[in-house]
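I opened my notebook to jot down what I looked up today. Have a look at the structure alongside me as you read.

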Amino acid sequence: MSASVTTALLRGSDPTLVLVLNLCGTFVFGISGGLAGVRARLDPFGVVVLAAVVGLAGGIARDVLIGRPPATFRDWRYLAVVGGAGVVSWMAAPALRRMQPAIEVLDAAGLGLFSVTGASIALTYRLGAPEAVVLGAISGIGGGILRDLIVREIPQVLRSGLYAIPAIIGATIEVVGQRAGAHGVVVPLVGAVACFAVRVAGIRYDLSLPPRPG
Amino acid sequence: MSASVTTALLRGSDPTLVLVLNLCGTFVFGISGGLAGVRARLDPFGVVVLAAVVGLAGGIARDVLIGRPPATFRDWRYLAVVGGAGVVSWMAAPALRRMQPAIEVLDAAGLGLFSVTGASIALTYRLGAPEAVVLGAISGIGGGILRDLIVREIPQVLRSGLYAIPAIIGATIEVVGQRAGAHGVVVPLVGAVACFAVRVAGIRYDLSLPPRPG
Amino acid sequence: MSASVTTALLRGSDPTLVLVLNLCGTFVFGISGGLAGVRARLDPFGVVVLAAVVGLAGGIARDVLIGRPPATFRDWRYLAVVGGAGVVSWMAAPALRRMQPAIEVLDAAGLGLFSVTGASIALTYRLGAPEAVVLGAISGIGGGILRDLIVREIPQVLRSGLYAIPAIIGATIEVVGQRAGAHGVVVPLVGAVACFAVRVAGIRYDLSLPPRPG
């Protein structure tokens, strides 16, 4: 199942569930980019562009590092979703800010999903296990890094360990499971849920690793 | 004609007119990067590098997103032109600053040309219509985004709608026209001129979209 | 020898010497990234990520611009080395800061090596001579540019001519030599040593080019 999901992803014919999940994750990342753009006082177009960058950058970086043409750029649904996320960010910014906790939970779900599917795609392209973990993590956190660079903040994900660490956990579970020969939806699900849970715990208890003293 | 121009572009054997226009656009974008470097008090080498980045980045991003090796990096004429733009920026910065209005008009012409040819190349690589519009716009505005990131400004093109909007208009005209079966130089010309006109009107009347209030 | 080294690089089967040198250069660049992360008060994970970005970015940019899948991402040893550089940066930051002069010398050695091997790889992929010089220089300085962007400084290499100029010198020697038909290890060695010497002289005598007056 995991293998067939991956194969389907490669062929651009996502089974409906994975497609919907991927589009949801892209949308949520897009919203986080769009809201950052509103905060930075960008104009409407800038908000839409930043939503698109944040929604798509992780997957594009993953595909460029694998060495294949970026898949999301050949599927109009992803472009429609990030465009929609940008428009919604602009129109509904105040309401979305009140929903910040809910959005962070959705963002955590997107993080889990992207990290796991990114690692899985990397394995399918015959990258080694450590490379697949790194690529999975990049798929999850790449968009947020670019978002912070563009609005001129030192990337938050490099300051808060509980953003990148869950991505690495999720990707590692997927890679270890797939290498151990697991098929079916259980391993990717466990990976995504573990990532999600660690991330949500990090938000809830405001956990983060300190910078080096001195 | 449009198709043959595109085919020629793909094969790296630009017909003379398109080549000259592309090199002019690259040069003008290079100048805008070089002047930004002088303003940011970079050393001569930094000025040349920034000119090269701004002149080439849009086309490189377009080609990476399409999934082909960046074409400009296989043609020494583009490197020569951006190098020349950097040297000119360094040597003639005060004169160029006095010519700012003329340069903005040339920049608008480059924007129109790159947006249209970018969209056309994307279609030739069998990307869908919305993807081709996005890639055309990226070809036009990518260099400016990187320029502003490197000198640590929030990208202007994300603040001023009348930089990105004309790029989208030009790319859309090209894509719609080509999809409608138009051949010949008329459609790309109309697209480039429309982009140019909207951009120049935006400069002349200082039009831009406001950030979101509140 | 130069050709066989290049061929071996392409096939991912570095002869031991070149592999060790490449890994050393990657490690030293990784340390410079990790220390920048400690200075910017990143958390431990952020320090490791920045070490990885700085160690790998030059080679990744080179491969993307050539149009081949990034080689370092298919070789776990590079990932292990940059991960190790990040951990060492975090643990030993005070000691490393006291060793700053020694690290700058190692960094100069990495700069020489990467510029020469980058230019050599570009020639093997049939890029022209000027493109190969540019790609060699990008291999050498790409990591440092990204490092400075992420910690929000205008890239130092664009301010100090004696970082990029030695890279260009080293790459040019390699390209001219290889085009002149030289085989063997002499030309790449001369290129790397020339780059190293100019860079070290620049550090020792605090040479740099001024920004444009006025």
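How many residues of chain B are in contact with chain A? I looked this up in what is a predicted model, and I found 25 residues of chain B touching 25 residues of chain A.

**Entry: the chain B side.** I checked which helices take part. Helix 3 (44–66), helix 7 (129–150) and helix 8 (161–179) of chain B each give at least two residues to the side that touches chain A. Helix 7 of chain B supplies the largest share, 4 residues. Sorting this side of chain B by class, I got 15 nonpolar, 6 polar and 4 charged residues.

**Entry: how the copies are related.** Two copies of a chain are related by a rotation about an axis and a shift along it. The copies use different surfaces, as 12% of the contact residues of chain B recur in chain A.

**Entry: two helices in chain C.** At what angle do the axes of helix 3 and helix 4 of chain C cross? I read off roughly 135° for helix 3 (residues 44–66) and helix 4 (residues 76–91) of chain C, with the axes coming within 8 Å. The two helices of chain C are therefore oblique to each other, and helix 3 of chain C passes helix 4 of chain C in a right-handed crossing. Among the contact residues I spotted C:Ala51 and C:Gly55 on helix 3 of chain C, and C:Val82 and C:Gly86 on helix 4 of chain C. By class, this contact has 12 nonpolar, 4 polar and no charged residues.

Conventions
Residues are numbered from 1 along each chain as its sequence is written. Chains are lettered from A and ligands numbered from 1 in the order in which they are written. This is a predicted model: local features need pLDDT of at least 70, side-chain atom pairs count only at pLDDT 80 or more; totals for chains, interfaces and linings use all residues. Axes are lines fitted to C-alpha atoms, for helices over the stretch in contact, and angles run from 0 to 180 degrees between N-to-C directions. Angles under 35 degrees count as roughly parallel, over 145 as roughly antiparallel, 65 to 115 as roughly perpendicular and the rest as oblique. A crossing is left-handed if the near helix is turned anticlockwise from the far one by less than a right angle, and right-handed if clockwise. Two residues are in contact if their C-beta atoms, placed from the backbone, lie within 7 Å. Ala, Val, Leu, Ile, Met, Phe, Trp, Tyr, Cys and Pro count as nonpolar, Asp, Glu, Lys and Arg as charged, and the others, Gly among them, as polar.
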